There are 2 protein chains.
Amino acid sequence: MKKTYLFTPGPTQIPPEVVLAEASPMIHHRTSEFSEIFSNVSEDLKYIFQTREGEVFTFASSGTGGMEACVVNSMSRGDKAIVVSGGKFGERWSQICETYGVSVVKIDVENGKAVDPDVLDDTIRKEKDVRAVFVTLSETSTGVVHDIEGIAKVVKGHNLLLVVDGISGIGVHPLLMDDWGIDIAVTGSQKGFMLPPGLAFVCVAQSAWESIEKSDLPKYYWSFKKMRKALSNKTTAYTPAITLIMAAGKSIEMIKSEGIENVWARHARLAHATREGMKALGLELFAGDASSNVLTSVKIPVGVNFDAGIKKLRDETGVTIAGGQDELKGKIFRVGHMGYVNDFDVVLSMSAVEKILHENGYKIELGKGVSKVQELLVG
Amino acid sequence: MKKTYLFTPGPTQIPPEVVLAEASPMIHHRTSEFSEIFSNVSEDLKYIFQTREGEVFTFASSGTGGMEACVVNSMSRGDKAIVVSGGKFGERWSQICETYGVSVVKIDVENGKAVDPDVLDDTIRKEKDVRAVFVTLSETSTGVVHDIEGIAKVVKGHNLLLVVDGISGIGVHPLLMDDWGIDIAVTGSQKGFMLPPGLAFVCVAQSAWESIEKSDLPKYYWSFKKMRKALSNKTTAYTPAITLIMAAGKSIEMIKSEGIENVWARHARLAHATREGMKALGLELFAGDASSNVLTSVKIPVGVNFDAGIKKLRDETGVTIAGGQDELKGKIFRVGHMGYVNDFDVVLSMSAVEKILHENGYKIELGKGVSKVQELLVG
């Protein structure tokens, strides 16, 4: 019997309660009924972003669309931006900026490492007229979490705009819009939010509006100004993804009821157990001390055809973990533990990793990873 | 007992089978399982657009995002485009074009009328260097259907690019990409497709690629080139709205099984009955002979507070019809009959319209509209 378990770096598994909300009878989006659902969601999203004075806009879009929205609303032609690039998603900031004629100064961080805020500080000092810094909270391609709090201190010290891709990180790692002084942050529905993909949430602080007002890049669907006006009328600028927003109403209620600090702590605990389990199996973490709590990235031992094992595992058991992307293909594997995950999920995913290793000729003592996880989570 | 019935001009009601597909267990989008679903959907979409050689790209987005994608991929800075504007959605083409520095020649069509292809022909002759014509199949704000076949003949006669907003029209009115020579057409999931909002489908004919290759407008998320490359790998460029695509698999299967010609004929029949029912009540159609089969727009009789009646109807019975938007607010009401609708739905919506009129002081013979519908559909 196959049972579906998703331990990929997104999408996450969806709680049955959320699936039910998504399956609610369709309603029209220009009604008081929808407005009430939508304004509750928009208000609760502020709690997740930890902002009082910021606003959160909900786009029918993947996270990448939300990233494009951040660039086209906050930047102007010829602006200079620093992009911290330590993987595929950091690189995406560069690509989007360059698409719109924003001049990019890239800080290339080695795959598997986090950026040093001092290096960012030096780069800002060296460059002239930098307007903004674009960073990634959790780099899904490498499994690294960046120190956004430290980065924010540096960026605010220079009075620049800070834009954070929190697509896989928000709702997993702490991100405090107001306290840290983040100007714009974006996330997607299919990670910590326990929702299907299809929504991008963008949180815009008051401090960002001066740049937004000045921005001369072309935008229509992504316009923050139109979204802000619509939000003041408890709606979206264009037809919202109604069923996903109904689902969001339920999943965010679950997050609120657990308490965001507890959600962060749960992820930290599960990620820690996963990392220690991998080490107990003799494996090496790809991101070392910079490992994200969203996913654990692990170096594939020499000689193991892990990607074939992932496919076989999925086909035969329904359990899905992920390999590496692009230049990391065949070099790392990635186990997600975000969103709708608890202790037993980590036991299960560790069991699956052991199974792949065992079946692909890597000599391990079966149960060693699982035992370590048990010890840490049950002990 | 309230029961939810949506007779708005989108979103449409969702068949239970489609809701179930949407509620399927989440799967990862970079798997053979998803690729199979997605490539089937992409292939079947070609049938709905009636194209053999075109390709259909699926964006996680509202229809408006799909419209923006059409503009930024096919136009270049300083290009001149003719926009047929006969309502809010025609106007949207102008706004998007102007946002990107495309020079717009607008053909203003009176609200409630369809464009005369000869007027378009004259305009093309008069203007110099027009590159493209942007039109709307079914203008949701006024309930008008435009003669795309006639328009296409004119546009092709001048060898210009034809881009059609079929957001509410496709899957309701015939639209033959190949036979009519349409270059690009866009639609949304929440209309004829019987799906929740959140997907935009864009069909691109081979004939459009010369313009796409030349286009110098900035684009990232909306890039057709990236979508085409991804589609050749049976996937999307960025994370797809997985649950909506699973739902699409089911709803498009239902459309195929009914047969697209039968789907068009069903809509024509239901729309005809609705129009005749309205006339039997002594009401005047706002769009007259140009009335769309997507929705019926009707002039509100003098002295009737129809909008208050719509709200009361929804609150008390769960049946939703729509008023007018923007300058047509209070002047027309709109009854949708698209997607998951059959004879009995038309009887029901006509009953609801009679109820509103009756309760708001408009003297009608109760049952007269319903009887006419019965006569036409049952008789």
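Start with helix α4 of chain A, residues 88-99. Helix α4(A) lies across β3, β4, β5 (130-136) and β8 (161-165) of chain A. Helix α4(A) runs at about 160° to β3(A). Contact here means C-beta atoms, placed from the backbone, within 7 Å. Axes are lines fitted to C-alpha atoms, for helices over the stretch in contact, and angles run from 0 to 180 degrees between N-to-C directions. Helices (H or I, at least four residues) and strands (E, at least two) are DSSP runs, numbered from the N terminus.

The model is predicted: local features need pLDDT of at least 70, side-chain atom pairs count only at pLDDT 80 or more, and totals for chains, interfaces and linings use all residues. Residues are numbered from 1 along each chain as its sequence is written, while chains are lettered from A and ligands numbered from 1 in the order in which they are written.

Next, select β3(A), residues 80-85. Six bridges join β3(A) to β4(A), and the two run parallel. Strands pair if DSSP finds at least two bridges between them. Click A:V84: A:I107 of β4(A) stands opposite.

Now show the whole sheet. Seven strands of chain A form an open, mixed sheet, in the order β2-β10-β9-β8-β5-β3-β4. β2 (55-60) and β4 (103-108) of chain A stand at the edges with a single partner strand each, so one side of each has no neighbour in the sheet. Neighbouring strands are turned by 20° against each other on average, direction ignored.

Note on methods:
Contact = placed C-beta atoms within 7 Å.
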